[in-house]
Every structure is written in structure tokens, then in C-alpha cells.
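Here is my note for a colleague opening this entry for the first time. Please keep the viewer at hand while reading.

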Amino acid sequence: MSFQVFGLPVSRGVAIGRAVLVASSRVDVAHYFITADRIEPEIHRLRDARDAVANELTTLQRDLPAEAPAELSALLDVHLMLLHDDSLTGATKHWIEDRHYNAEWALSAQLEVLARQFDDMEDEYLRERKADLEQVVERLLRAMARGAASAFAPAPGVRPRDFAGEDPLVMVANDIAPADMLQFKRSVFTGFITDVGGKTSHTAIVARSMDIPAVVGAREASRIIRQDDWVVIDGDAGIVIIDPSPIVLEEYRFRQRQSDLSRERLSRLRHTPAMTLDGKRVELLANIEMPADAAAALEAGAVGVGLFRSEFLFMNRGGDLPGEDEQFDAYRAAVEAMNGLPVTIRTVDIGADKPLDRMSANELRHEHALNPALGLRAIRWSLSEPGMFRQQLRAILRASAFGKVKILIPMVAHMSEVRLIFEALARAQQQLTDAGKAFTKVEVGAMIEVPAAALALSSFLRHFDFVSVGTNDLIQYTLAIDRADESVAHLYDPWHPAVLKLLAQTIEQSVAAGKGVSVCGEMAGDPGFTELLLAMGLRSFSMHPSQVAAIKQRVLRTDAGKWAAHLGAILSSDDPERQCAATALQVST
Ligand code: PEP
Ligand code: MG
């Protein structure tokens with residue numbers, strides 16, 4: 001029987017496919033299809049891992065000290081029994097043979113099936129054996145990683161999806177860490193659903209950047225959906241339909257075709273300059289997470305990178321941060337790929353829902369009771385590690401010898417930070433000069449994403465060359481709503497008059513001061529705000545490459561002057577969203 005789950009729409013489009021349930025802790029397990037001739041070798045890898053773990057466990061048991069409690073030996077017996085049980089390794093084979101999953105994926109798929117059976121058990125003792133099963137699987141995965149794990153992984157450039165040939169797949173997880181999302185670029189999944197998360201959580205942002213239909217904050221989804229269920233992800237409405245009827249399926253297939261067509265039509269605007277009906281030039285820039293994304297930015301017709309979220313280079317490295325040369329290589333790659341177009345590199349914005357280690361926002365919330373969004377995040381973290389900060393500044397400065405580079409500082413809030421930032425920059429420049437390394441003069445900008453910075457903007461404008469408004473955080477900090485928390489997502493409102501006033505004020509003051517101003521939060525890529533932002537005087541927007549064409553189309557159809565005449569009424573309204581809709585009707589007639 002068909003039923004629906006509601007969540008938050010975070011990435012547009014429709015995905016139809018079979019559900020693959022993945023435990024949050026195993027999202028990073030490689031998921032790819034193997035070709036038919038690899039089935040046998042892949043089963044061998046599984047067997048080898050099983051034998052290695054059996055050896056490990058028997059050795060552990062044999063070497064137990066005499067005084068060890070008897071329960072320990074009994075526990076190892078349970079693990080050995082689970083390891084040899086046909087429902088684990090035997091059944092895992094079926095995922096490899098029938099579905100062509102790689103061994104690690106097959107194993108985690110089978111674990112999900114068994115974990116649910118354990119969850120449904122009446123007997124508490126048996127229910128608790130799920131943890132043992134997970135430990136055994138963990139050992140198997142580690143044994144595989146030690147063996148020839150990557151030998152069969154798809155070659156770079158091959159989308160693992162190409163091997164599919166069968167039903168498309170969508171991932172269902174309780175939560176996905178932002179850094180793990182990056183793997184989707186090379187994964188078999190055509191969409192995803194998570195139980196937790198907000199619309200502008202970094203997991204959602206990365207999904208949007210990849211243009212994968214997604215729904216987050218779908219609460220019980222990973223409990224309700226079963227492995228292999230057919231699901232439709234309606235990324236526009238935030239609806240997940242499980243086991244859809246043939247009529248519903250046909251309707252969504254139709255919508256999929258329509259949206260492919262409209263995307264194709266929009267892509268024809270790629271070389272058209274973005275100019276309003278009344279002749280105002282608008283700069284459409286791209287937000288990127290990795291140097292390789294620069295290609296998509298160019299492809300989309302972006303005229304530069306307005307936000308390179310450098311923190312993605314720092315994540316999931318087990319505390320081993322990228323050194324100066326490694327960072328320099330990454331920045332230089334992005335700069336060179338952009339072929340002379342400007343690249344704005346934001347210094348690392350670690351913290352809140354972007355931890356250094358693989359940890360989802362949800363885990364973070366539970367493990368760290370303190371409030372990470374108000375803690376040592378972004379520039380605060382950089383200034384607390386001055387050596388690391390200067391190292392990043394040197395790497396960025398060195399990249400400036402290869403193209404047009406700008407530096408952007410996240411979450412500036414206090415004037416004392418400004419002094420430290422420019423001192424660090426001067427020292428980094430001096431160090432490069434002393435070492436005889438080339439760099440050019442770069443513009444330095446501040447992200448305006450804390451209300452304090454927006455309210456004291458004139459002080460910041462005296463020091464920085466430009467500002468970029470991070471509306472995702474500006475909304476979070478103005479309204480006191482955790483952007484990653486689905487339980488308050490209904491109150492996360494970009495249309496709130498307080499948010500719009502801060503935004504309008506920031507744009508107006510920056511323009512008056514003759515300083516560049518851009519918006520790089522999600523509002524910039526949302527066509528629902530384009531006219532309003534143009535009315536506020538904004539002429540520089542930075543967004544995911546996939547959004548550039550739709551925003552350009554809006555810009556081309558907008559008379560910025562006519563809209564500006566209505567700005568006062570919109571900003572002073574109790575319901576700016578409604579007022580904006582009314583204005584759209586008036587302006588178009
Ligand atoms: C923002 O806050 O709007 C922004 C662009 O930065 P991030 O989403 O990475 O916090
Ligand atoms: Mg931000």
C-alpha cells in the first residue's frame with residue numbers, strides 16, 4: 001500500500017528509485033556496482049575478510065588472560081557464531097550476485113536487514129545482540145579495508161551509476177554528515193532522504209550543489225521505509241511517496257521529463273549576459289566546495305566563484321589538517337580552472353554543523369551539549385589557531401599569483417577580530433616575501449552573517465574591501481533558529497521582516513560606501529527572492545552552479561527600477577512574502 005512521509009524540500013527535482021537504507025555511521029562505506037566478471041573476486045574478498053576476522057576472534061579468545069571474566073569468552077563465541085551464520089555472510093553474497101553491489105555495500109545492506117529484525121524482537125537479550133552484530137560487521141569492513149579494498153572501485157571519471165543498468169537507487173539514512181555528502185558525486189544514488197536536518201544545513205547545501213533531489217527532516221523515514229521499497233522523492237514539495245501506485249508513478253515520471261526539458265531550455269541562457277529589463281548588469285557567481293566544482297561553475301555560465309567553502313578540504317582527515325602546499329595546490333587548481341575569472345576563497349568555516357571529523361549535525365548535537373553554533377566556529381576557530389590561520393592565508397596568497405583571488409572571512413562579529421585578521425594577513429605576506437614566494441595584492445572581504453556585523457556595518461566597511469552576506473547564518477542568528485534542526489525548521493524564515501531589513505540595510509550601506517556587496521547564502525539562488533534582492537540594489541549573487549540559469553532567467557525578466565519603487569512597502573509590511581507577491585502582479589501589469 002502506498003503512503004507518504006513529509007519532510008523539508010532541499011534540493012529540487014524528482015527522483016524515483018529503490019530505497020537503500022544506510023546506517024548514518026556507514027554512509028562513508030563505498031557504494032558502487034561491480035561488473036559481472038568481478039562477482040567472484042568480490043565474493044572472495046568477503047570470504048577472505050570473514051576468515052581474517054575468524055582468526056582474529058579465535059586468537060583473541062585463545063589469548064584471554066586466565067583472570068578474564070567468563071562472559072568475555074562467551075561474547076567472543078557469540079561474535080564467532082554471528083560471523084559464521086548464513087544470515088550474515090551467506091546472505092551478503094546475494095547482494096553481490098544479484099545486485100552487483102561491491103562487498104562493503106553488500107555487507108552494510110545485509111546489516112540493515114538484520115538490524116531491523118533484531119529491533120523487532122520481543123526478547124530484550126536477543127534485541128541487544130544487534131550491537132554484537134554491528135561490531136562483527138565493523139571488523140569485517142576493517143578487514144576488507146586492509147585487503148585489496150579499492151582494487152575494484154570504479155576508475156576516476158567513471159560514474160559508478162553507469163554500471164547500474166537496473167533500477168535507480170535512492171539513499172535513506174537517519175542523517176548524513178556534510179563531508180560524506182561529497183561522496184554523492186561519485187555514487188550510485190539518484191536522490192536521498194534523511195530523518196533529520198534543516199533546509200540550510202550544510203548537508204542540504206551540498207545536496208543542492210549537486211542538484212540531487214532530496215528531502216531532509218523526514219523524521220521517521222528511515223524507520224518506515226524498508227530496504228528495496230520503491231520510493232518517489234519529490235524534492236520540490238518535500239514529500240516522499242513509498243510504494244507509489246502506477247498512476248502516481250506515471251505522474252512523477254511525467255514531471256521528471258518536464259523538469260529535464262525545462263533545464264535544457266534554461267541551459268541555453270549560458271552565454272547570455274545577466275542584465276535586467278532596465279539595463280542593470282548583474283554578476284552571477286558560483287559557490288563551490290572543491291576545486292573540481294569550478295568546471296560546473298564555468299559550464300553553468302558563472303562569471304567567477306563568489307564562495308569557495310574551503311573547510312571541505314579540512315574535513316574527515318582524522319585531525320590531520322591539510323598543509324600549506326596541499327592547500328595551495330587546491331586553491332591554485334580552482335583559480336586556474338576559472339581562467340582569469342575571480343575566485344573568492346573563504347577561510348575555513350569549521351564548527352557548528354561542519355565538524356572536522358565525520359560526525360553528523362545530529363551526533364554533534366547529542367555528543368556536545370554546548371551550543372556549537374555559538375561557539376568556536378569559523379574565524380573564531382581560525383584566530384584560536386594563529387599558525388594554522390597564517391598557513392591558510394599564505395596558501396591563498398600564493399594562489400593569487402595564478403589568477404584573480406579574493407579572501408573572504410566568515411562570521412566576523414567583533415572589531416577586535418578585524419585587527420587580528422589584518423595582523424595575521426600582514427605577517428603571512430611578510431613570511432612569503434621573506435621566503436621569496438610570489439603573491440599579489442588581494443581584496444579582503446567580510447561575511448555579514450551575524451546581526452552584530454550587519455548593525456555595525458559602517459565600522460567593518462572601513463576595513464574590508466567588500467562584504468558578502470551569508471543569509472543562511474544571518475537568518476539563523478537573527479531568529480535564534482538552529483538551521484540544522486528540523487524541529488524548528490518551520491520558524492526558519494527568510495521572509496521575516498527583521499531578516500529583510502538587515503539585508504536591505506547591508507546592501508544599501510555598502511553601495512553607498514562604494515564597497516562591493518554580494519549575497520552568497522541560499523537566498524541568492526532562490527528565484528523567489530531575485531526581484532526583491534534586485535530591488536534592494538544587489539547586483540552580485542553567488543549560488544550553486546545548478547541555480548545560475550534559473551536566476552539569470554529571473555534577472556532578464558525583472559525591471560529593477562520598478563521593483564525598487566515598491567521596496568519600502570515590502571519592508572514595512574507585516575507579511576513581506578505576501579506583499580512581494582502582490583508587487584509581482586502590479587509590476588507585471
Ligand atoms: C551563509 O551562512 O549564508 C553562508 C553562505 O555560509 P555557510 O552556509 O557555509 O555557513
Ligand atoms: Mg555561514
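**Notes on the metal site and the fold**

1. Start with E449. Its relative accessibility is 2%, so E449 counts as buried, the cut-off being under 20%. Bear in mind throughout that this is a predicted model.

2. What does E449 coordinate? Together with D473, E449 coordinates the magnesium ion, ligand 2. The donors are OE of E449 and OD of D473. The distances run from 2.0 to 2.2 Å.

3. Where do the two residues of this pair sit? E449 is in the loop between β13 (443–448) and α17 (451–455). D473 belongs to helix α19, residues 471–479.

4. Is D473 buried or exposed? D473 has 2% relative accessibility, so this residue counts as buried.

5. Next, look at T506. This residue lies in helix α20, which covers residues 497–512. T506 is buried, because its relative accessible area is 1% and the limit for buried is under 20%. Beyond its neighbours within four places in sequence, T506 is in contact with I448, A454, L457 and V469.

6. Now move to V206, in helix α8 (residues 202–210). V206 is buried, with a relative accessible area of 1%. Leaving aside neighbours within four places in sequence, V206 is in contact with P178, M181, L182 and F312.

7. How far is V206 from V10? Their C-alpha atoms are separated by 9.9 Å. Along the chain, the two residues are 196 residues apart.

8. Step back to the whole chain. It holds 25 helices and 16 strands. Its C-alpha trace spans about 75 × 65 × 45 Å along the principal axes. The radius of gyration is 26 Å. A compact globule of 589 residues would have one near 25 Å, so the chain agrees with that expectation.

9. How much of the chain is buried? Buried residues make up 53% of the 589. Of the contacts with a separation of 6 or more, 72% are between residues 24 or more positions apart.

10. Finally, the surface and the charges. The accessible surface comes to about 24,900 Å², and 53% of that belongs to carbon and sulfur atoms. The chain has 63 positive and 80 negative side chains. The centres of these two sets lie 8 Å apart.

Conventions. Residues are numbered from 1 along each chain as its sequence is written. Chains are lettered from A and ligands numbered from 1 in the order in which they are written. This is a predicted model: local features need pLDDT of at least 70, side-chain atom pairs count only at pLDDT 80 or more; totals for chains, interfaces and linings use all residues. Side-chain values use heavy atoms; hydrogens and water are left out. Helices (H or I, at least four residues) and strands (E, at least two) are DSSP runs, numbered from the N terminus. The radius of gyration is taken over C-alpha atoms; the globule rule is 2.2 Å times the number of residues to the power 0.38. Buried means under 20% relative accessible area, exposed over 50%, partly exposed in between (1.4 Å probe, protein chains only). Contact means heavy atoms within 4.5 Å. Accessible areas come from the Shrake-Rupley method with a 1.4 Å probe; for residues, only the protein chains shown count as cover. Lys and Arg count as positive and Asp and Glu as negative; His and the chain ends are not counted. The place of a charge is taken as NZ of Lys, CZ of Arg, CG of Asp or CD of Glu. Donors are N, O and S atoms within 2.8 Å of the metal (3.2 Å for Na, K and Ca); water is not among the atoms, so sites may look incomplete.
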